[in-house]
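Here is a friendly walk through some of the terms used to describe a structure.

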Amino acid sequence: MTAVLFQQVSRHFGAVRAVDSVDLAIAEGEFFAMLGPSGSGKTTCLRLMAGFEQPTGGHIEIFGETAEGVPPYRRNVNTVFQDYALFPHLSILENVAYGLMVKGVAKAERLKAAEEALAMVKLPGYGTRRPGQLSGGQRQRVALARALVNRPRVLLLDEPLGALDLKLREQMQEELKSLQKSLGITFVFVTHDQGEALSMADRIAVFSDGKIQQLGTPEDVYKRPKTRFVADFVGSSNVLPPDFVEGLGFGKHYASLRPEAIDLGDGPGRKQFSGRVTAASFLGAANRVTVEANGARVAAMLSASISVPAQGETITLSFLPQDLHMMDGTQ
Amino acid sequence: MSTVSGTSILTGRQGLSGRLSDFFWRNPKILLLLMLTPPLLWLGVIYLGALFALLLQSFFSIDDFSGLINYEFTFATYKQLLIPSNFDIILRTVLMAVLVTLASAIIAFPIAYYAARYARGKWKVIFYLGVMLPLWSSYLVKIYAWKLILAKEGILTWFLAKLNLLWLLDAWLALPVVGGTSLSISYTGTFIVFIYVWMPFMILPIQASLERVQGNLIEASADLGGKPSQTFRYVLFPLALPGIIAGSIFTFSLTLGDYIIPQIIGSSRLFIGQAVYAQQGTAGNIPLAAAFSIVPIVIMGLYLWMAKRQGAFDAL
């Protein structure tokens with residue numbers, strides 16, 4: 001069943017088209033990521049699902065029911081806010097039990113459910129504290145428990161890991177993923193971190209200028225970017241200009257080539273080009289080398305077993321033709 | 001490659017001011033002490049000292065025959081507060097202060113809410129001007145203006161007559177206690193003018209506290225299923241409470257102490273402020289005036305203590 005359906009949905013603020021004719025269908029139980037830079041419309045899409053914004057055009061359905069004009073408090077959809085939005089005057093337990101309280105669940109019952117939810121996010125016994133006494137990571141878990149205790153049909157997450165440090169973020173990514181698997185709730189996740197989207201999502205919608213540039217599996221989006229924007233934004237693909245691509249014996253189109261697909265030297269069946277090294281750095285597992293070749297700047301991840309080439313040196317690089325991905329547009 | 005050059009320690013400013021700023025930078029506590037001493041002296045000696053002298057006065061009594069102050073420690077003056085004619089004054093004032101505070105809070109909240117949540121740019125300026133402008137004109141001018149508005153021949157009566165609603169005013173004025181021959185000489189009039197004059201003191205603290213309530217808390221409440229009335233009750237109101245309490249401290253204490261408004265607009269029955277004024281002036285009974293002045297202080301102390309116990313400052 002389709003959990004969230006957008007048909008030609010627009011949200012314009014005066015002349016600003018925050019969301020512009022977006023179509024998408026999120027399946028039940030899916031982990032769906034909306035990826036894009038700030039101002040690309042991904043958060044507005046999330047707010048349209050939550051009911052904080054109303055579309056200026058188009059049609060939204062949540063589990064087959066029309067969502068336009070339905071206030072947030074009548075949607076069985078819960079949000080984990082970017083800065084968590086915990087109620088500062090309530091204890092952690094009261095925060096988590098809030099959704100059940102306003103729905104009129106008896107006190108003993110809702111506090112028990114809140115305790116269980118806190119245990120689920122690995123914060124048992126933290127109930128009596130105040131939000132101000134917790135660390136960012138703990139607050140994030142409380143926000144998650146507060147949303148999940150309501151058993152929503154769709155959970156919306158607005159950059160929930162943005163404020164956490166790297167280590168905590170990686171840990172939370174895994175926990176979120178396994179939580180989603182065990183609960184079977186549809187997760188819609190907004191992020192500007194392509195690594196996060198790639199590692200967690202079943203499908204990704206890449207947003208730019210209020211429109212979806214590409215919608216597909218992480219592998220699709222990463223390996224076969226449809227547009228230059230997607231290639232640029234998702235991962236660190238080289239975007240090769242049409243002239244360069246033509247020079248290698250392909251059609252005159254923009255093409256993307258991932259740095260790790262490029263090797264030093266030549267080999268059978270490989271396409272080769274040479275370039276002057278403009279920057280080289282040792283990354284431990286690999287050397288990242290940037291060369292200038294026929295007016296294009298190409299980054300390559302080379303094996304660390306070969307010593308770092310010197311700046312200014314001219315080297316020969318090659319790749320397999322199937323790794324080159326042609327994109328729309330010749331401009 | 002360019003090289004970085006220059007000295008790593010800059011030569012300081014020469015002269016006394018240069019050495020003085022270096023000294024204060026190294027000894028910030030001395031600077032703090034210098035800055036705090038004059039105001040603390042002022043507060044301690046002039047203000048608290050005067051308050052203490054007042055407290056002391058209230059424990060003296062007055063000799064009924066000679067009219068002289070008897071400097072012997074006694075509770076007799078406080079006992080006088082409890083005689084019906086004096087106790088009525090206290091009761092009347094406290095009741096008025098409570099009603100004025102409640103009404104001010106109810107009127108101020110929507111205004112403050114609008115200003116904090118919706119007013120932007122030009123409208124925010126207009127809000128501040130609108131709230132503050134009355135404070136710029138003289139208190140007496142405003143009160144006399146209200147006397148004219150509320151008088152029997154005043155604009156309010158004229159306006160209600162135009163609307164054919166004069167019967168409503170007459171019905172209200174016919175009520176016991178709150179009524180009278182006209183609004184300007186009734187408790188209702190006193191009440192209206194109190195609310196008008198203290199309104200900025202209620203609006204501004206509430207607005208400040210609402211300004212600090214993040215918009216996404218309201219969204220979070222709705223997201224979790226809270227209807228607007230529940231969001232107000234469980235989120236907005238508790239978070240605005242410190243501001244409401246701060247505002248109520250102003251309106252409550254200002255009403256308790258005011259002696260001009262009830263003098264000009266209202267029935268001739270006394271309020272605490274008027275009693276103090278009369279006792280220390282014409283009657284020359286300084287101890288009783290002092291005892292009357294202690295009443296609002298004690299009431300405010302009790303009020304703050306209760307507010308704290310109710311958790312009014314928890315969200316601070």
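Q: Which residue in β4(A) does Gln7(A) stand opposite?
A: Gln7(A) stands opposite His59(A). This is a predicted model, where local features need pLDDT of at least 70, side-chain atom pairs count only at pLDDT 80 or more, and totals for chains, interfaces and linings use all residues. Residues are numbered from 1 along each chain as its sequence is written, while chains are lettered from A and ligands numbered from 1 in the order in which they are written.

Q: What makes β1 (residues 2–13) and β4 (residues 57–62) of chain A a pair?
A: Two strands pair if DSSP finds at least two bridges between them. β1(A) and β4(A) have 5 bridges, in the antiparallel sense, so they count as a pair.

Q: How many bridges join β4(A) to β5 (residues 65–66) of chain A?
A: There are 2, and these strands run antiparallel. Here Glu61(A) stands opposite Thr66(A). In their hairpin, with 2 residues between the strands, Phe63(A) takes a positive phi near 50°.

Q: Why is α9 of chain B called roughly antiparallel to α11 of chain B?
A: Helix α9(B) (residues 187–211) and helix α11(B) (residues 228–257) pack at an angle of about 155°, their axes 7 Å apart. That makes α9(B) roughly antiparallel to α11(B), because angles under 35 degrees count as roughly parallel, over 145 as roughly antiparallel, 65 to 115 as roughly perpendicular and the rest as oblique. Their crossing is right-handed.

Notes: Axes fitted to C-alpha atoms, helices over the stretch in contact; angles between N-to-C directions. Helix = DSSP H or I, 4+ residues; strand = E, 2+ residues; numbered from the N terminus. Left-handed = near helix turned anticlockwise from the far one by under 90°.
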